[in-house]
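Here is a short tour to read with the structure open beside you. Take it one section at a time.

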Amino acid sequence: MRESEIVDMISRKLSPYILLFALYLISYGHLSPGGGFQGGVVLASGVILLCLARGEGFVKRKLPPKALSLVETGMFFIFILMGLAGLLIGGYFLENFFLPGKIEKVPTESFIFFLNLVIGLKVGAGITLICFYILKQEET
Amino acid sequence: MNNLVILLVIIPFLASFLTLFEKYAFGIEKAPQTAIVATSCCLVLLLFLFPPVFKGKTIEYFLGGWKEPVGITIYMDGLSWIASFIGIVIGLVSLFFSWGEKKYEHKFYFFFLILLGGMEGAIMTGDIFNMFVFFEIVSIASYILIAYSKKTKSLMASFNYLLISSLGMGFFLLGIALLYQQTGIFSLRGIAGLKNQLIPNTRILNIAIISLVVGIGVKAAFFPLHTWLPDAHAFAPHPVSSILSGVMIKISFLAIWRIIRILDTPSLQHIFIWIGAFTALLGAIFAIAQSDCKKILAYHSISQMGFIIAGFGVATSFSLVASLYHILNHSLFKSLLFLSVGVVIYLTGKRKIDELAGFGNKIPFVKVTFLVGALSICGVPPFNGYASKTLISTSLKDYPLAYFLIFIASVGTFTSFIKLSRIFRGKINQENTFYKEQKNFKEKIPKKMIFPLFTLSALCIITGLYPETTTGLISRLILNEKIKTDLHFYSLSNFTGSLFSLIFGLSFYLLIITQKGSKVMNFLRKTRPTLNSSLLLVVAGFLLIVVFYLLTGKAT
Amino acid sequence: MMAFYLIISLFLLGIWGIVSKDNLIKKIISLNIFNSSLVVLFIYIGSRTGSTAPIMEKNIKNVVDPLPQALMLTSIVISICIMALALSLAMKVYKKHGTLSISRIENKLNKDE
């Protein structure tokens, strides 16, 4: 399913900037509008733009669905582990254990930054997989 | 000790991750075993948590370390304990049944464990928006599980349920928005504490509570909001039917219980008597008319929920204990009935009563367990349904119209179970070909299916033989005191009430199998609500309850 | 006041769409409109207290309430998941029967009973 030349070229030039913008949204989530979910959706839309322009076989060779599945389930597991780490240190589930009383030398915002990163990757991988399945259904 | 409370929610989610991960990373195909081990760990944790909860202490757990009113608090009090206990026991039993059926992939166990974990979280949380999120987790897992077999009827049942439930959850969000505008905080105990300052605006508070109740009421299936239940529970796979009908509608109702009891609005509680009585009657009447055996059981779920809701509406402590006792009993015997009928459908592949007539004589063990379940739901003395139905009827003594409607619902229950038990008695219909092919059905029941049926029947009989102990336990857990009134379970008046239901039920059944009776039944069976009319019923139900409250309610 | 009229009209439009349209995809789109009206309601409630966005730089005094905005993110995520599921169910039904009209599908299913 290959589109015309203009659409093809512009989407190939534009798509890396969309991915960069997604990374910006994910990492500045605790200071400005954005965060995990928004960055993840923009990440998925960057990949889907390439899918619509070049056909999904091309994108599937670069980003195989099995690796995306592994990223998605792995990120879910890492999120629960980060929550349980608060339990191990002696506090509560999902507590910010980088506060000055517990662990020094690490800035307090890094907890929410890690959570945003994990959620952003998971949502991006998840929505990309949803669109892969829907596009595969349409061809058959 | 406090951390055990949060582990009850985390362990099902971690185990659900493991069921997918161990297939893709290690190639191990032991998904049912992982699920059963995780659920057993939750049961052990729950038994550890029993002594402090029994002494009356509410365990509070602050999620993330943030205290009230900013953070989310998880409460483990007596009500959450009973609800978690019902959820984990029935979940464990259904997992054994699905292991025996051997045709579910690892994805099924993934969603099943998410359903269990979501239900644990929904009943233990003390924050309204967190309750919304957990109910949506439960909803999404149940949409996928109902549509698992990918036949058109299951897909359309799941789609109908999706639209109706999403509309209901929209009303729930509307209720949250109204409450937040008035108070500015989301936790239930905080709103209850601020309620004294809200006296001028108490009408908006009550309309907000009605929106919340309609939102969760779609999942708890009372009168205008029940239309999704027969299709969804009848066309789902058998272990999914038993856990949806046995646990999910109860936990939704217990969330309504928690909201109304903490926010303390007696005028709203009395509306439930009429809703409950009418739901019980409606469920029983439509149940008699069906010819698919799982649909009869699904309509009976609606009818028994009507009993429970009517018991909750009478706001005395006696009726609250009766209502919770009936919740416990109904989970046990409804799961037992769904799993017994599930064994019959698994062996033969057919679902209609006319085709299955007389088959049950070949499998005597399932016949006995079905008999235990049927006698429990009808309210015959040594089983547990008798005790709880007696208590509910006694607590409705001051409302004669509701008592009369519930009595007719009991009569209808007897009639439809005499009709359903045609599967297990009588002569075999010789025209069915599958009887000629396979002779020995008794050996084909997998051993893993026998264990859940046996456990559930044993629990039904135990809770029926010791009703005083069970009600004493329940009242200690939710009210922190023993009930002072005398509960004469085996007195003569209650016994004759049950006997009258039996006599009327039998005569009604003889009336139905005549020609005119079956014409009326066919007409009732063909009037099924379409999707558009079900959705309109939800909206109309919400408006009706609001208008009813504005016309009759006092400003409390 | 205009915001309230917008919210009420979107709410009623969403409900009307879900209840009375015949096509499955139109019902799903109306569900999306219904959920969007609730998101706007929450953000409108949170906007009373101040005037600027809740980004804590220096010299910012009046900020709007950030709590409903964060909760509406969760709500938008949930509605996306439900719509994805509903669309895939509708697609499966369309593959089997070739029609997306709810009345025709119900006629076909009720003929079997």
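The notes below cover model confidence, a chain contact and a helix pair.

## Confidence in chain A

Please keep in mind that this is a predicted model. Chain A has an average pLDDT of 85, and 93% of its residues score at least 70.

Looking at the elements of chain A, the highest mean pLDDT, 91, belongs to helix α1 (residues 5–27) of chain A. The lowest, 85, belongs to helix α3 (residues 56–62) of chain A.

## Where chain B meets chain C

Here, 29 residues of chain B are in contact with 28 residues of chain C. On the chain B side, α6 (128–146), α7 (152–183) and α24 (531–552) of chain B each supply at least two residues. The largest share comes from α7(B), with 16 residues.

## A helix pair in chain B

Now turn to helix α2 (residues 31–48) of chain B and helix α4 (residues 78–101) of chain B. Their axes come within 10 Å and cross at roughly 160 degrees. Angles over 145 degrees count as roughly antiparallel, so α2(B) is roughly antiparallel to α4(B). The crossing of the two helices is left-handed.

Which residues make the contact? From α2(B) they include B:Pro32, B:Ile36, B:Leu43 and B:Leu46, and from α4(B) they include B:Phe85, B:Ile88, B:Leu92 and B:Trp99. The residues of this contact divide into 12 nonpolar, 5 polar and no charged.

Key. Residues are numbered from 1 along each chain as its sequence is written. Chains are lettered from A and ligands numbered from 1 in the order in which they are written. This is a predicted model: local features need pLDDT of at least 70, side-chain atom pairs count only at pLDDT 80 or more; totals for chains, interfaces and linings use all residues. pLDDT is the predictor's confidence in each residue, from 0 to 100. Helices (H or I, at least four residues) and strands (E, at least two) are DSSP runs, numbered from the N terminus. Two residues are in contact if their C-beta atoms, placed from the backbone, lie within 7 Å. Axes are lines fitted to C-alpha atoms, for helices over the stretch in contact, and angles run from 0 to 180 degrees between N-to-C directions. Angles under 35 degrees count as roughly parallel, over 145 as roughly antiparallel, 65 to 115 as roughly perpendicular and the rest as oblique. A crossing is left-handed if the near helix is turned anticlockwise from the far one by less than a right angle, and right-handed if clockwise. Ala, Val, Leu, Ile, Met, Phe, Trp, Tyr, Cys and Pro count as nonpolar, Asp, Glu, Lys and Arg as charged, and the others, Gly among them, as polar.
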